[in-house]
Amino acid sequence: MLTDSARETINEVVASHKQMPGALLPILHGIQDAVGYIPAEAVDSIARELNLSRAEVHGVVTYYHHFRSEPAGKHVVQICRAEACRSMGSERLWAHACLHLDSDGHKPTKDGAFTVEPVYCLGLCASSPSMAIDGKVHSRVNVEKFNTLVAQARSQA
C-alpha cells in the first residue's frame, strides 16, 4: 500500500513529464528515483495518463533490468554480467554474492540490508569484473574485495 506522500510524488512525476514525446521512460526513471521502485499502483495511473495499456507499461517495467517492481534493500549491489566481466569471473562473483548475502537476486535479503541485481555494463570493461554498491562503482572485484565492500556497507549507519 502506497503512502499518500508516495502517491503524490508519483502524480507529480507523471504530470511533469506526460506531455513529453516518449514520456514513459522519463516517468519511470523519475518514479524509481523518487520512490525507489515502480509500484503496481503507479502502472495504472501511468497507463491512464499516457493513453497506454497496463500491459504496455508493465512490459517496459519488466523488460528493463534497471526498474524494480518492489522496494530494494537498504544497499543495492549490482554485479556486471556483460561479456567482458563474465570472461573475467563475474559469474563466480554473482554466485558468491547470492550465497554470501543469502539472496536469489532481485529481492531484498531477509534482513532488508541488501538487494543483489545484475547489470549489463558499468563501463569498466578494461578493469573487470565490476560491481556497484549504492551507485559507487568498483573495478577488478574478486571475492575478497566483494566481502570487504559489503562489510563496509553494513557498517554504515
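Which residues line the largest pocket? I find Val-61, Thr-62, Tyr-64, His-65, Phe-67, Arg-68, Ser-69, Glu-70, His-106, Lys-107 and Glu-117. A pocket here is an open set of points on a 1 Å grid over the protein atoms alone, where a 1.4 Å probe fits, with protein on both sides within 12 Å along at least five of seven lines; lining residues have an atom within 4 Å of a point. I noted a volume of about 220 Å³ for the largest pocket, taken as the space filled by probe spheres set on the points, which are joined across faces, edges and corners. Its lining has three nonpolar, four polar and four charged residues (Ala, Val, Leu, Ile, Met, Phe, Trp, Tyr, Cys and Pro count as nonpolar, Asp, Glu, Lys and Arg as charged, the others, Gly among them, as polar).

The model is predicted: local features need pLDDT of at least 70, side-chain atom pairs count only at pLDDT 80 or more, and totals for chains, interfaces and linings use all residues. Residues are numbered from 1 along each chain as its sequence is written, and side-chain values use heavy atoms, with hydrogens and water left out.

I counted seven helices and four strands (DSSP runs numbered from the N terminus: helices H or I, at least four residues; strands E, at least two).

Next I checked H1 (residues 4-17) against H3 (residues 40-50). Arg-7, Ile-10 and Val-14 in H1 meet Glu-41, Ala-42, Ser-45, Ile-46 and Glu-49 in H3, contact meaning heavy atoms within 4.5 Å. I sorted the residues of this contact into four nonpolar, one polar and three charged.
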